[in-house]
Amino acid sequence: VTKPNNKSGARQKLPKWTRSEKRVLTVGEMFSGPGGIGLALHNTKLKAPSIELSFEHLWATDYDPDTCKTYRNNLFTGNPNAQTICSDIKDVNLDALPTVDGFLYGFPCNDFSLVGETLGFNGKFGALYQYGVEYISRNNPLFIFAENVSGISSSNSGSAFTKILHDLNHAGKYGYHLTVHHYKFEDYGVPQARHRYIIVGFRGDLGLSFQVPKPTMTKKTAKQ
């Protein structure tokens, strides 16, 4: 994906990346669901000879009360000040969401899924990804992570996915260098045949890019 031009109008205070020996990166999640993406990151600790990274969740949004409760119980137990915003995203004050180092979102797939009516941008949910783009543009996180269903690539004859990637690529002051990959999770030892597009982006001024991990090709069943 092309490197965008710098954009003005974003918040002046940027999350900064320094190669300190030990750092806790803050994250926020939009359209969080019960926490599949968030829990994976919550349990992740990266260690290398000169650096150690972990992650702390500061906020999450979703509209379903039970989902919000599940997320809080599983992910916010160590941070009583973390915010669970249980509301329709259209009613959320994006300016009030704290700035974080990393932004996560599995934006709604209802109108992109091949199981549904595949309405894409013509449906009720298709354009909701724009709220994430708006947050990114205001806060310029160090990295972004987005996920959606396989059908997104063919929605609106392919134009929907092209538009979404363009908007993420050009979001914020520096834009984002995106790595887009269609994952077949059974090739990574996960006992399911659900395939998903995952988008990982690093802010354009960092000079970083994500490398797609090599599949293990180890098949496992749910029983295993």
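Predicted model: local features only at pLDDT ≥ 70, side-chain atom pairs only at ≥ 80, totals over all residues.

Biologist: How many helices and strands does the chain have, and what pattern do they follow along the sequence?

Modeller: The chain holds four helices and eight strands. Along the sequence, they follow the pattern β-α-β-β-α-β-β-α-β-α-β-β. The radius of gyration is 17 Å, close to the 17 Å that the globule rule gives for 224 residues, so the chain is as compact as a globular protein of that length.

Biologist: What share of the residues is buried?

Modeller: Buried residues account for 45% of the 224 residues. As for contacts with a separation of 6 or more, 74% of them link residues 24 or more positions apart.

Biologist: Let us turn to strands. Which strands pair with β8, and in what sense?

Modeller: In a regular strand, side chains alternate between the two faces of the sheet. In this model, strand β6 (residues 143–149) runs antiparallel to β8, and seven bridges join them. Within that pairing, isoleucine 199 of β8 is the bridge partner of alanine 146. Strand β7 (residues 176–184) also pairs with β8 in the antiparallel sense, over nine bridges. There, tyrosine 183 stands opposite arginine 196 of β8.

Biologist: Is β8 mostly covered or mostly open?

Modeller: It is mostly covered: eight of the nine residues of β8 are buried.

Biologist: Where does arginine 203 lie, and why does it count as buried?

Modeller: Arginine 203 belongs to strand β8, which spans residues 195–203. A residue is called buried when its relative accessible area is under 20%. Arginine 203 counts as buried because its relative accessibility is 3%. Leaving aside neighbours within four places in sequence, arginine 203 has contacts that include Leu14, Asn140, Leu142 and Tyr176.

Biologist: How should I read a helix, and which residues of α3 are buried?

Modeller: An α-helix has 3.6 residues a turn, so residues three or four places apart point the same way. In helix α3 (residues 129–139), the buried residues are Tyr129, Gly132, Val133, Tyr135, Ile136 and Asn139. They lie on the same side of α3 because they cover an arc of only 160 degrees around the axis.

Biologist: What do the buried residues of α3 pack against?

Modeller: Their partners include the strands β1 (22–30), β3 (51–62) and β6, and also helix α4 (159–169). Just after α3 comes asparagine 140, with a positive phi of about 50 degrees. Asparagine 140 is also one of the residues in contact with arginine 203.

Definitions and conventions:
Residues numbered from 1 in each chain as written. Heavy atoms only, no water. Helix = DSSP H or I, 4+ residues; strand = E, 2+ residues; numbered from the N terminus. Buried < 20%, exposed > 50% of the residue type's maximum accessible area, 1.4 Å probe, protein only. Contact = heavy atoms within 4.5 Å. Pairing = 2+ DSSP bridges. Arc of directions from axis to C-beta. Rg over C-alpha atoms; globule rule 2.2 N^0.38 Å.
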